[in-house]
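Here's a quick briefing to read alongside the model. Keep the viewer open and follow along.

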Amino acid sequence: MSEIDAALADLVASRVLDVPDFPKPGIVFKDLMPLFADGDVFRQVIDGIVAYHGRESFDVVAGIEARGFVLAAAIAYATGVGVVPVRKAGKLPRATHAVSYDLEYGQATLEVHTDAFAGGQRVLVVDDVLATGGTAAATLDLVERAGGTVAGLSVLMELGFLPGRERLAGRPVHALLTVQP
Ligand code: AMP
């Protein structure tokens, strides 16, 4: 790991709170609100994600509802590209593609507008936490169904004790921090 990568991992680790038994008994929720709330750290993290991929490697950023929206909007603004929300079922007003999948806690459906990535745009996908990988796998699937190509996937934190990375085998997974229990 480079010095810059190690510094970014330390920054993320310093701004996450473990919340036991949320939203269900047995789940340790990784609350990254302290990172979002710290302007200096938030900027360094956004810049770190952009630097990892390279500004020229993507045409648009897709954020996964809801914490991914925060990251996606900041990356989009910092790089001058657009932002596309990948939303929970029933929120988008026009025709959508939908994918259902299993979560670490429960089941979910994500949607994106069918015309979201017209013209084969290169899409950088972002979210806060990679757990079992179901959410990210569904999103990458949606990106491709909606006409985009996946330029990369970045998360702030990967739960290294869950099989997210294996589920995304062959996909370009970038995590600023990987944690064990
Ligand atoms: P998964 O599909 O299991 O990889 O779950 C990832 C999605 O659920 C992300 O959008 C996360 O925000 C959320 N998530 C899952 N597990 C956790 C956790 N332990 N702490 C915080 N967020 C989580």
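Is arginine 15 buried, exposed or partly exposed? Arginine 15 counts as partly exposed, because its relative accessibility is 27% (buried means under 20% relative accessible area, exposed over 50%, partly exposed in between, with a 1.4 Å probe and protein chains only).

Before going on, a word on the ground rules. This is a predicted model, where local features need pLDDT of at least 70, side-chain atom pairs count only at pLDDT 80 or more, and totals for chains, interfaces and linings use all residues. Residues are numbered from 1 along each chain as its sequence is written, and side-chain values use heavy atoms, with hydrogens and water left out.

**Overall build**

- The protein chain folds up with six helices and nine strands (DSSP runs numbered from the N terminus: helices are H or I with at least four residues, strands are E with at least two).
- A compact globule of 181 residues would have a radius of gyration near 16 Å, and the protein chain agrees with that at 15 Å (taken over C-alpha atoms, the rule being 2.2 Å times the number of residues to the power 0.38).
- The C-alpha trace of the protein chain spans about 40 × 40 × 30 Å along its principal axes.
- Out of 181 residues in the protein chain, 47% count as buried.
- Take the contacts in the protein chain between residues at least 6 apart in sequence: 58% of them join residues at least 24 apart (contact means heavy atoms within 4.5 Å).

**Charges and salt bridges**

- The protein chain carries 15 positive and 22 negative side chains, and the centres of the two sets lie 6 Å apart (Lys and Arg count as positive, Asp and Glu as negative, while His and the chain ends are not counted; each charge is placed at NZ of Lys, CZ of Arg, CG of Asp or CD of Glu).
- Side chains of opposite charge can pair when their charged atoms come close.
- Searching the whole structure turns up nine salt bridges (a side-chain nitrogen of Lys or Arg within 4 Å of a carboxyl oxygen of Asp or Glu).
- Back to arginine 15: its side chain meets that of aspartate 38 in a salt bridge, at 2.9 Å from N to O. This pair links distant parts of the chain, 23 residues apart, with arginine 15 in the loop between α1 (3–14) and β1 (17–20) and aspartate 38 in the loop between α2 (33–37) and α3 (39–53).
- Another salt bridge joins aspartate 115 and arginine 94, whose closest N and O atoms are 3.0 Å apart. Here too the pair links distant parts of the chain, 21 residues apart: aspartate 115 sits in the loop between β6 (106–113) and β7 (122–130), and arginine 94 in the loop between β4 (82–88) and β5 (96–103).
- Aspartate 115 is partly exposed, with a relative accessible area of 40%, and arginine 94 counts as partly exposed at 48%.
- Glutamate 144 and arginine 171 also meet through their side chains in a salt bridge (2.8 Å, N to O). They are 27 residues apart and link distant parts of the chain, glutamate 144 being in helix α5 (residues 134–145) and arginine 171 in the loop between α6 (164–167) and β9 (173–179).
- Glutamate 144 counts as partly exposed, since its relative accessibility is 36%; arginine 171 is partly exposed at 28%.

**Inside strand β8**

- Glycine 152 lies in strand β8 (residues 149–159) and counts as buried because its relative accessibility is 1%.
- Setting aside neighbours within four places in sequence, glycine 152 is in contact with His53, Val123, Leu124, Val125 and Pro172.
- Serine 154 is found in strand β8, and at 1% relative accessibility serine 154 counts as buried.
- Beyond residues up to four places away in sequence, serine 154 touches Ile49, His53, Val125, Val126, Asp127 and His174.

**Backbone points to check**

- The phenylalanine 22 to proline 23 peptide bond is cis, with omega near 0°; proline 23 lies in the loop between β1 and β2 (28–31).
- Aspartate 21 is in the loop between β1 and β2, and its phi is near 60°, a positive value in a residue other than glycine.
- The glutamate 65 to alanine 66 peptide bond is cis as well, with omega near -5°, and alanine 66 is found in the loop between β3 (60–64) and α4 (67–79).
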